[in-house]
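This report looks at one strand with its partners, and then at the disulfides. Keep the sequence and the 3D view at hand while reading.

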Amino acid sequence: MFSKCFHLLLAVHLLISPVVPDLLEPSERIIGGSSIDITNVPWQVALLYYGKQFCGGSIYSQTIIITAAHCVEARDISIRAGSSLHDSGGVVVAVESFIIHPEYDRKNFENDVAILKLSSPLTFSDSIQTIPLAETDPPTSSLALATGWGLGYFYTEPQHLQGVELLIRPRAVCKLKYGSSMFDGDICAGRLGKAGCDGDSGGPLVFNDQLVGITSRKGNLLCLASSLYASVAYYRNWILSAIDELNFQGAAKNV
């Protein structure tokens, strides 16, 4: 019965959605992916709110995590690093402070970038490593890897980390779909039946072992297609400046 209802909803959605060639709807949790071990993506972390995973992030250094701004509007956040499971294993570290992009717009998710400072440093291992920041966006039509613990098909909630390769979409094509809701700092990526969905927000989009995007937002409830990612290359200077500020605050506190 559930399967029949889902396919009916899917058919209705496809009938009423505007038709744009070679473009899918955006989303924030992994759809059409498969299990991936944390040792293959050791920069991935789970963001926890009172112990429950709700977003993802990427390790920049022993004390710095990069994520989406809309993931850190709540307090009492911690991260789990070094585990393929979002609810056990690895290490859990509290977030001490954070900086949200000063021009972040919570209504349309423009400038959806934030930097977290951990209360204690991570210890690097095979399952906990940093990832460098990209200086340029990935080429159009290249494949980039998105990872997270988000909803799968039929809104299942995988306990194990999922990964999926997504196609970098032409910007001009994406603008046809998103119009003014796609910004200069966005990357559009997805493939038919493969995407993100609610809860993978803040997680990494990786190309050539560099962080190229931060999972930002979706465009429908069914999580059927391409997502919008904050471009790391576009925000790189601000990211580095925010990291310097957080590190300076920490150094000043210890004087």
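## Strand E5 and its partners

Strand E2 (residues 44-49) and E5 run antiparallel and are joined by five bridges. Two strands are said to pair if DSSP finds at least two bridges between them. The strand and helix labels also come from DSSP runs, numbered from the N terminus: a strand (E) has at least two residues and a helix (H or I) at least four.

## About the model

This is a predicted model, in which local features need pLDDT of at least 70 and side-chain atom pairs count only at pLDDT 80 or more, while totals for chains, interfaces and linings use all residues. Residues are numbered from 1 along each chain as its sequence is written, and side-chain values use heavy atoms, with hydrogens and water left out.

## How covered is E5?

Strand E5 spans residues 77-81, and five of its five residues are buried. Buried means under 20% relative accessible area, exposed means over 50%, and partly exposed lies in between (1.4 Å probe, protein chains only).

In a regular strand the side chains alternate between the two faces of the sheet. In E5, Ile77, Ile79 and Ala81 are on one side, and Ser78 and Arg80 are on the other. Both faces are covered.

## The disulfide of Cys55 and Cys71

There are two disulfides in the structure, a disulfide being a pair of cysteine sulfur atoms within 2.5 Å. One of them joins Cys55 to Cys71, with an S to S distance of 2.1 Å. Cys55 belongs to strand E3 (residues 52-59) and Cys71 to the loop between strand E4 (64-67) and E5, so the bond ties together parts that are 16 residues apart in sequence.

The torsion about this S-S bond is about -80°, so the disulfide is left-handed. Cys55 counts as buried because its relative accessibility is 4%. Cys71 is buried too, with a relative accessible area of 2%.

## The disulfide of Cys174 and Cys188

Another disulfide joins Cys174 to Cys188, with 2.4 Å from S to S. Cys174 is in helix H2 (residues 171-178) and Cys188 in strand E10 (residues 186-189), so this pair ties together parts that are 14 residues apart in sequence.

Which hand does this disulfide have? The torsion about the S-S bond of Cys174 and Cys188 is about -85°, so the disulfide is left-handed. Both Cys174 and Cys188 are buried.
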